[in-house]
Amino acid sequence: MSETYNFEAILEGIRRINRIGPDEFLALHTPVFQGSEREYVLATIESTFVSSVGAFVNQFEEMMGQITGTKRAVACVNGTAALEVALSLAGINRGDLVLTQAISFVATANAVRHAGAEPVFLDIDADTLGLSPDALLDFLQTQAEKTTQGLRHRQSGRRLAACLPMHTFGLPCRLEEIIGICHDWDLPLVEDAAEALGSCYQGKPCGSFGLLSCFSFNGNKICTTGGGGAIVTNDEEFGKRAKHLTTTAKQPHPWKFFHDHTAWNFRMPNINAALGCAQLERLPEFLNDKRKLHSDYQKLFSDSPWQVVDELSGCQSNYWLNAVLLSNKEERDAFLAYSNARQVQIRPVWEPMPTLPMYENSLCGPLDNALAVADKLVNIPSGVRA
Ligand SMILES: *Cc1c(COP(=O)(O)O)cnc(C)c1O
């Protein structure tokens, strides 16, 4: 084994970059609460407005609109719920198909199912780790047909109702190409931007491209509300309906309980929004430190055969989680065992969706990149350095 393959030296480098002592545990990602988190959360307790209404929810939604450059943001209980509602608003109906990528957190596919549709798993690009426009176009050209009742999957007759790409680990996927294809094929685009808060594609925020887009504020994301999510959109009507449908579809009235839809209670509580407002205030600093961390990792691995995954040119990743491609599965497994036994939390990428039991019969395209990446990719500790 050459020096650059030396696991011990690599772990030593990772610890040094993260300013962690030799015996300290180094997590994959830890939230940092050094701004107004305590003050805002205490304010909700003192006001008694900890639950489903409160000023922080409105403030959080306004901040999200500004950060993502969208007209309307709706705070939700988590990112999965946000996706389910966004897909329903985009017109997904029972029995439809939604085109998405084979490598993602399981919530992407689960949200499709919960919205009543079935996911179709397509390949990713090896560089962005996001939905491959070539795979999307190939699937449409070989398996779709335009009919008077919309775009159909030729073999099953099911409607192809939406395209749902995901910006993996904050790396923007090839949006321009994907948008072009969706436009040509009349396919609504919903972005799963759960991991991409603060990422930009050619100067525009990820999440501002979809008809509707979703974010997550789970504890491991770049900003957290404890648990939470958001739907953002540039369509005022979608925005209004998203708010209405995630808040039990109650018509405004001083006392009467009149609900006009079988809706959800997917509200973000005010106490969570308070934490979120303080976190969003710190996003610029978080992004800054994550860029530095990424460049420190590039240097660490520059002489090694391992490859740190970079943003596409013209794009800015939030580098939520740094990803490294190792040489092969055996080496990857050995490194996972070595590092986790030594208090450094390193994780493999998610299992490709069609290998999970509930999705093993799903429609798929060829998955060459997805399967190759699944064997070789790990995430290395990427939390903001306090
Ligand atoms: C985190 C995440 C979600 C779901 O968000 P939750 O808030 O955990 O429900 C959805 N999609 C992707 C890609 C995610 O990483």
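## Exercises on a predicted model

Asn318 sits in the loop that joins strand 13 (315–316) to strand 14 (322–325); helices (H or I, at least four residues) and strands (E, at least two) are DSSP runs, numbered from the N terminus. This is a predicted model, in which local features need pLDDT of at least 70 and side-chain atom pairs count only at pLDDT 80 or more, while totals for chains, interfaces and linings use all residues. Residues are numbered from 1 along each chain as its sequence is written, and side-chain values use heavy atoms, with hydrogens and water left out.

**Exercise 1.** Determine whether Asn318 is buried or exposed, and find which backbone oxygens lie 2.9 Å from a polar atom of its side chain.

*Solution.*
1. Apply the cut-offs: buried is under 20% relative accessible area, exposed is over 50%, and partly exposed is in between (1.4 Å probe, protein chains only).
2. Asn318 has 1% relative accessibility and therefore counts as buried.
3. A polar atom of the Asn318 side chain lies 2.9 Å from the backbone oxygen of Glu195.
4. For the backbone oxygen of Leu197, the distance to a polar atom of the Asn318 side chain is 2.9 Å.
5. With neighbours within four places in sequence set aside, the contacts of Asn318 (heavy atoms within 4.5 Å) include Phe169, Gly170, Ala196, Gly198, Ile222 and Lys290.

**Exercise 2.** Locate Arg19 and Asp186, and state what phi each one has.

*Solution.*
1. Start from the general rule: most residues other than glycine have a negative phi.
2. Arg19 is not a glycine, yet its phi is positive, about 55°.
3. Arg19 belongs to the loop between helix 1 (7–17) and helix 2 (37–47). Its relative accessible area is 57%, so Arg19 is exposed.
4. Asp186, also not a glycine, has a positive phi of about 55°.
5. The loop that holds Asp186 runs between helix 7 (175–184) and strand 7 (190–192). Asp186 has a relative accessible area of 69% and is therefore exposed.

**Exercise 3.** Compare the radius of gyration of the protein chain with that of a compact globule, then describe the chain as a whole.

*Solution.*
1. The globule rule is 2.2 Å times the number of residues to the power 0.38, and the radius is taken over C-alpha atoms.
2. For 386 residues the rule gives a value near 21 Å; the protein chain has 21 Å, so the two agree.
3. The C-alpha trace spans about 70 × 60 × 35 Å along its principal axes.
4. The protein chain contains 12 helices and 17 strands.
5. Of its 386 residues, 55% count as buried.

Definitions and conventions. Polar contact = N/O pair within 3.5 Å; in protein donor to acceptor, adjacent residues only side chain to side chain.
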